[in-house]
Amino acid sequence: MKKGYVALIVIAALVLVLFFWVKGAYNSMVRMDEGVSGAWAQVENVYQRRADLVPNLVATVKGYAEHEAGTLEAVVEARAKATQMTVDPSGLSEEQISEFMEAQDELGAAIGRLLVSVERYPDLKASQNFRDLQAQLEGTENRIAVERKNFNEAARNYNVTIRKFPNNILAGMFGFEKKGYFEASEGAEQAPVVSFE
């Protein structure tokens with residue numbers, strides 16, 4: 001009879017250990033998945049900040065640079081496309097992130113062309129409002145770089161966790177999938193030459 005109780009206690013202990021291990025691993029993956037979603041929300045937040053600066057930039061330039069209508073329209077169209085692009089944070093595949101970046105890169109390029117065209121308007125470059133917007137855009141671009149880095153770190157930590165054995169078994173059972181990363185755009189290895197002097 002005692003052997004039966006000992007065997008029952010050992011089995012119960014193993015079941016409890018297994019339960020607590022599964023619970024801990026699952027909760028860890030959930031926490032990391034939420035961390036990736038939170039980091040993605042911050043990425044979208046700073047890109048939205050940049051998009052929100054565009055109407056003020058366009059209005060400021062429009063007042064000085066009447067001959068830049070085509071450039072201004074390109075900026076407005078790129079902003080509209082970038083703000084319409086949404087990515088579901090539960091998926092975040094490489095393809096979704098790539099499409100999102102494509103739209104954001106188009107907006108960045110349009111803003112860059114607009115800022116280059118400003119060189120022909122010394123009064124605009126001297127405007128305090130324009131200089132303030134320029135400083136805000138520069139700060140926003142720095143924030144974008146920081147948040148993209150934070151997102152990539154969160155995604156890497158999550159991806160490593162769900163790929164490790166035996167977590168990979170649980171991840172497969174509960175549907176945890178690999179998240180994509182931000183990668184440098186084509187041609188990003190060569191820094192653009194921009195001068196505001």
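This report describes the nonpolar cores, a surface patch and the aromatic pairs of a predicted model.

## Basis

Local features need pLDDT of at least 70 and side-chain atom pairs count only at pLDDT 80 or more, while totals for chains, interfaces and linings use all residues. Residues are numbered from 1 along each chain as its sequence is written, and side-chain values use heavy atoms, without hydrogens or water.

## Nonpolar cores

A nonpolar core is a set of buried Ala, Val, Leu, Ile, Met, Phe, Trp, Tyr and Cys residues joined through side-chain atoms within 4.5 Å. Buried means under 20% relative accessible area, exposed over 50%, and partly exposed in between (1.4 Å probe, protein chains only).

The largest core has 23 residues, of which W40, F100, F151 and F182 touch the most other members. Helix α1 gives the most to this core, with eight residues; helices are DSSP runs (H or I, at least four residues) numbered from the N terminus. A second, separate core has 22 residues, including L53 and L115.

## Surface patch

Y26, F165, I169, M173 and F174 form a nonpolar patch on the surface. Helix α6 gives the most to the patch, with three residues.

## Aromatic residues

Rings of Phe, Tyr and Trp (its six-membered ring) pair if their centres lie within 6.5 Å; planes under 30 degrees apart count as stacked, over 60 as edge-to-face and the rest as tilted. The rings of Y26 and F176 have centres 5.6 Å apart and planes at 65°, so the pair is edge-to-face. Y26 lies in helix α1 and F176 in the segment after α6, 150 residues apart. Y26 is partly exposed at 32% relative accessibility, whereas F176 is buried at 13%.

Technical notes: Helix = DSSP H or I, 4+ residues; strand = E, 2+ residues; numbered from the N terminus. Patch = residues over 30% accessible without salt bridge, like charges linked within 9 Å, V, L, I, M, F, W, Y side chains within 5 Å. Areas by Shrake-Rupley, 256 points an atom, 1.4 Å probe, with all protein chains shown as cover. Salt bridge = Lys/Arg side-chain N within 4 Å of Asp/Glu carboxyl O.
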